[in-house]
Amino acid sequence: MEIQRIDRYRVRLPLRIPFETSYGRLTEKAFDILLVTDELGNQGIGELVAFEQPDYIEETIDTARTIIEKHLIPLLVDTDIQHPKEVAGLFDGVKGNQMAKSSLETAVWDLYAKRSNKSLKTYFNDTRAQIPVGVSIGIQTDLTKLIDQITKYIDLGYKRVKLKIRPGYDLKPIEAIRKKFPDIALMVDANSAYTIKDIHHLQQLDAYNLAMIEQPFAANDFLDHAYLQNEIQTAICLDENIRTLRDCELAFSLGSCRSINLKIPRVGGLTEAMKIVDFCKEKEILVWLGGMFESGIGRALNLQFASQKIFTFPGDISASDRYYYEDILTEPIEIRDGDIRVPDGLGIGVDLSQNTLLKYGVYDTLFIK
Ligand code: OSB
Ligand code: MG
């Protein structure tokens, strides 16, 4: 297959509820939709999920655009591609920049599946038609409001709650949630807000029956996480640390975590994500699918991938209306009894709403053969 054309929508969608983490507050999500067209007119869709600020990891939407336009597109359009697994290899000479790579790599996977008349999930192992999902709750210092918010999501059927925490906002909100919901599957995510000095404080979290503590320490730290995992009962989960299969091998050999939040864009695309799933299966690491406040395109991709039965732990894949007033799909992603159906159509299985894209986005063409 030959890539003949690449088009893009640069989109900004307002969030229904501002999302606050240990590092900042998000009121709108900016993302790009990339359309990759082959010589037969088939079109694959990919999403660039990087944030505007380099506060989650280093990549931003601006740096990723530069990498895509200057470095990745020339490599992608120069070759006759037989299989999407080759794309990661084509990009090998470009170091890092996983989200930029993933936006194109996943578009080629979608294109390949569509061209082969298949749903993307047919390329994965042991899939299900619907998957249990969780919700990630931003920092809300008014604890009455926090409990109201969580109650609403639990009533909607969400099967696991993840609470963002930071120093000064941890034990109290967790205690309030546990008092109201003694049995829900509950976990916390610190987005690197703590340091090794907080180890005794973090040990107190063992009292709350948390499923795991996500990314307490710095985004590139394996040693302190290993030290903490050794000193705490609760499982540590790594998110920001994990960019490659090699990072998983390092975390495993040091004992830095017992769980991995896998995000397809953070590891450069589906090919690396599949390798990580295999590794976690072999080493019995609890792997689950994370999210990046994706639009319906990125979440449709996540649903296809998370359809694999190995993802028993509910992921950060919520319905469209948890994030946005209006999604960019012809039909929004919906939750029913705590499950979301995996779309059945070709490729990622969803269609773009041109009207919504043009309402919130700006269109341009990046490449024509
Ligand atoms: O750390 O997992 C995270 C959202 C944006 C950036 C980082 C993270 C998150 C979430 C929400 O926790 C995941 C989602 O519902 O998309
Ligand atoms: Mg996280």
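Tutor: Start with Lys162. A polar atom of its side chain sits 3.0 Å from an oxygen atom of ligand 1. Keep in mind that this is a predicted model.

Student: Why is the pair between Lys162 and ligand 1 called a polar contact?

Tutor: The cut-off is 3.5 Å between N or O atoms. The Lys162 pair is 3.0 Å apart, so the pair qualifies.

Student: What makes Lys164 and Glu214 polar contacts of ligand 1?

Tutor: The same test, "within 3.5 Å". A side-chain N or O atom of Lys164 is 3.0 Å from a ligand oxygen. For Glu214 the distance is 3.5 Å, so the pair is at the cut-off and still counts.

Student: How much of ligand 1 does the protein cover?

Tutor: The cover is 99% of the 390 Å² of accessible area that ligand 1 has on its own. The space taken by ligand 1 is the second largest pocket.

Student: Which residues form the shell, by class?

Tutor: Seven are nonpolar, four polar and seven charged. In total, 18 residues surround ligand 1, with Ser136, Asp189, Asn191, Phe293 and Tyr323 the closest.

Student: How do you know that ligand 1 lies between the domains?

Tutor: Domain 1 (3–117 + 352–368) and domain 2 (121–341) both give residues to its shell, so ligand 1 lies between them.

Key
Residues numbered from 1 in each chain as written. Chains lettered and ligands numbered in written order. Predicted model: local features only at pLDDT ≥ 70, side-chain atom pairs only at ≥ 80, totals over all residues. Heavy atoms only, no water. Near = heavy atom within 4 Å. Polar contact = N/O pair within 3.5 Å; in protein donor to acceptor, adjacent residues only side chain to side chain. Areas by Shrake-Rupley, 256 points an atom, 1.4 Å probe, with all protein chains shown as cover. 1 Å grid on protein atoms, 1.4 Å probe; cavity = no way out; pocket = protein on both sides within 12 Å on 5 of 7 lines; lining within 4 Å. Sits in = over half its atoms within 2 Å of the grid points. Nonpolar A, V, L, I, M, F, W, Y, C, P; charged D, E, K, R; others polar. Domains from an automatic or database assignment.
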